[in-house]
Amino acid sequence: MLKKIEKDASEIYFRLEHCFSEFQVEVEEICITWEGTANELVDKVRTELRTRIQEAVPELSGTDKHKLANTMTARWIALCPLEVY
C-alpha cells in the first residue's frame with residue numbers, strides 16, 4: 001500500500017513517513033512505561049497511530065487509515081517486537 005501511495009501521491013507518502021518516524025519514537029517510550037497487557041499495548045499503538053495518520057493526512061479515507069495503522073503496527077511488531085514485561 002505504501003509503495004502505491006509513494007508512486008501515485010508522493011506528497012502524501014512523505015507526510016505519512018514523517019508521521020510514522022515521529023510516532024515510532026513515542027512507541028518506544030510507551031513500551032518502556034507500559035503496565036497493561038501486550039494486547040492492550042498493541043491496541044493503544046494502533047489507535048493512536050490512526051489518530052496521527054488522520055492529523056497528518058486528513059484526506060485519506062477511514063479504510064485507508066485503518067489499513068495503514070494495522071500494517072505499520074504489524075510491521076513494528078515483526079521488526080522490533082514490542083517488549084512487555
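**Entry 1: how H2 and H3 cross**

I started with the handedness of the crossing between helices H2 and H3, and it is right-handed. For my own reference, a crossing is left-handed if the near helix is turned anticlockwise from the far one by less than a right angle, and right-handed if clockwise. Helices here (H or I, at least four residues) are DSSP runs, numbered from the N terminus.

A note on the source: this is a predicted model, where local features need pLDDT of at least 70, side-chain atom pairs count only at pLDDT 80 or more, and totals for chains, interfaces and linings use all residues. Residues are numbered from 1 along each chain as its sequence is written, and side-chain values use heavy atoms, with hydrogens and water left out.

Next I looked up the packing angle of H2 and H3 (residues 38-56): about 150°, with the axes 10 Å apart. The axes are lines fitted to C-alpha atoms, for helices over the stretch in contact, and angles run from 0 to 180 degrees between N-to-C directions. The two helices are therefore roughly antiparallel to each other, a label for angles over 145 degrees.

**Entry 2: H2 by itself**

I checked the span of H2, which covers residues 10-33. Its 24 residues reach 35 Å from the first C-alpha to the last, close to the 34 Å expected at 1.5 Å a residue. That expected span is 1.5 Å times one less than the number of residues.

Which residues of H2 are buried? I listed Ile12, Tyr13, Leu16, Cys19, Phe20, Phe23, Val27, Ile30 and Cys31. Buried means under 20% relative accessible area, exposed over 50%, and partly exposed in between (1.4 Å probe, protein chains only).

For the face towards H3, I noted that residues including Leu16, Cys19, Phe20 and Phe23 of H2 meet H3 residues, among them Leu41, Val45, Leu49 and Ile53.

**Entry 3: the cysteines**

How many disulfides does a search of the whole structure find? The search came back with zero; a disulfide here is a pair of cysteine sulfur atoms within 2.5 Å. Cys19 is in none, and the nearest cysteine sulfur, that of Cys31, is 16 Å away. Cys19 counts as buried because its relative accessibility is 8%, and Cys31 is buried as well, with a relative accessible area of 10%.

Ile53 lies in H3. At 0% relative accessibility, I put Ile53 down as buried. Leaving aside neighbours within four places in sequence, Ile53 is in contact (heavy atoms within 4.5 Å) with Leu16, Cys19, Phe20, Pro58, Leu60, Lys65, Leu68 and Ala69.

Leu60 was my next stop, in the loop between H3 and helix H4 (62-79). Leu60 is buried, with a relative accessible area of 12%. With the neighbours within four places set aside, its contacts are Leu16, Ile53, Lys65 and Leu68. I also noted that Leu60 and Ile12 are 48 residues apart in sequence and 9.0 Å apart in space, C-alpha to C-alpha.

**Entry 4: two glutamates**

Is Glu35 buried or exposed? Glu35 sits in the loop between H2 and H3, and it counts as exposed at 78% relative accessibility.

Glu6 belongs to helix H1 (residues 2-8). At 31% relative accessibility, I logged Glu6 as partly exposed.

Terms used: Parallel < 35°, antiparallel > 145°, perpendicular 65-115°, else oblique.
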